[in-house]
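Open the model in your viewer and keep the selection panel at hand.

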Amino acid sequence: MGPQAAHAKITSEMTLSEKADAIEEHMMHELDKIVTKSVFANLTDGHVDMEGGAALQKKYPGKYFNMGPDPRLPPMPEKPTLLDYFKHRFASTNHLLQSGALALKNGHSEKVVLACLLHDIAVVSFIRCDHGYWGAQMIEPYVDEEVSWAVRTHQALRFFPDEAAGYKYPEMYLKLFGDDYKPEPYIVAEYERALKHKWYMTSRLICINDIYSFDPNMKVNLDDFVDIVGRNFRQPEEGLGLDDSPSAHMWRTMMWPNRFL
Ligand SMILES: [Fe+2]
Ligand SMILES: [Fe+2]
């Protein structure tokens, strides 16, 4: 323990959350730079709150703010690729790999396989709310328009059965959301637009190959998709997130989520 440990004294009278805060604060004192959370991280914790720069520097005297990688996260290569994000930033990849593998097994085109492989990247790396829209925006500059369109739209199509295509309303959604859950009007409107769209089936195929119940014994290797990604994802030479595409900032934020600015 460093000399700063006094800032984080843990006593038996503290509540669990006070203890967690104290441990977190202790960890912060151990770091060379001040690492602070974005407001969004506080919002998702249920607080509308931010700590100002001056107050933080007072709390951690003599230190500057982190303007680079977060030392607590796995380091990223100098020129990261999509696969590096899979390995170092996606919290879970099983669902994506298994969905991609099923699409491959069902003999679908590379576009459909890629769409299945990427359909939930927002959930595993970034944010759940509106994950189809976020995921689509992240990949849009790098993939065929049909792929990003399908990723965006699967979020709506998930809630509407198409029995003729072999897609029922998911049992799991009854379990997760209850049987009286109704999608919001913007989701209904998205579905109605999608029904008339020329790429409707591409998005529907994401839903059909979307795997809910995992087979724990089934191991799918990311290596199985290296060639398909190589042919269908335009990897920027500078590194994904270090290029000037309209969504590069989203990848950078994932790479360096705790830069002060
Ligand atoms: Fe999804
Ligand atoms: Fe999914």
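Donors here are N, O and S atoms within 2.8 Å of the metal; water is not among the atoms, so sites may look incomplete. This is a predicted model.

**Stop 1: the iron ion (ligand 2).** Select it and show its protein donors. They are His95 (NE2), His119 (NE2), Asp120 (OD), Asp210 (OD) and Asp210 (OD), at 2.1 to 2.7 Å from the ion. Along the chain, the donors of this iron ion follow the spacing H-x23-H-D-x89-D.

**Stop 2: the other iron ion.** The iron ions (ligand 2 and ligand 1) are 3.7 Å apart. Which residue coordinates both? Pick Asp120: it coordinates both ions.

Stop 3: Select His119 and Asp210. His119 sits in the loop between H6 and helix H7 (121-125), and Asp210 in the loop between helix H12 (200-209) and helix H13 (226-232), so the pair ties together parts that are 91 residues apart in sequence. Are they buried or exposed? The cut-off for buried is under 20% relative accessible area. His119 is at 0%, so it counts as buried. Asp210 is at 9%, so it is buried too.

**Stop 4: H6 against H9.** Select residues 110-118 for helix H6 and 145-157 for helix H9. The two pack at an angle of about 40°, with axes 9 Å apart. That angle makes H6 oblique to H9. Their crossing is right-handed.

Now show side chains. From H6, Lys111, Leu114, Ala115 and Leu118 meet Glu146, Val147 and Val151 of H9. The residues of this contact divide into 5 nonpolar, 2 charged and no polar.

Notes. Residues numbered from 1 in each chain as written. Chains lettered and ligands numbered in written order. Predicted model: local features only at pLDDT ≥ 70, side-chain atom pairs only at ≥ 80, totals over all residues. Heavy atoms only, no water. Axes fitted to C-alpha atoms, helices over the stretch in contact; angles between N-to-C directions. Helix = DSSP H or I, 4+ residues; strand = E, 2+ residues; numbered from the N terminus. Parallel < 35°, antiparallel > 145°, perpendicular 65-115°, else oblique. Left-handed = near helix turned anticlockwise from the far one by under 90°. Contact = heavy atoms within 4.5 Å. Nonpolar A, V, L, I, M, F, W, Y, C, P; charged D, E, K, R; others polar. Donors = N, O, S within 2.8 Å, 3.2 Å for Na, K, Ca; no water. Buried < 20%, exposed > 50% of the residue type's maximum accessible area, 1.4 Å probe, protein only.
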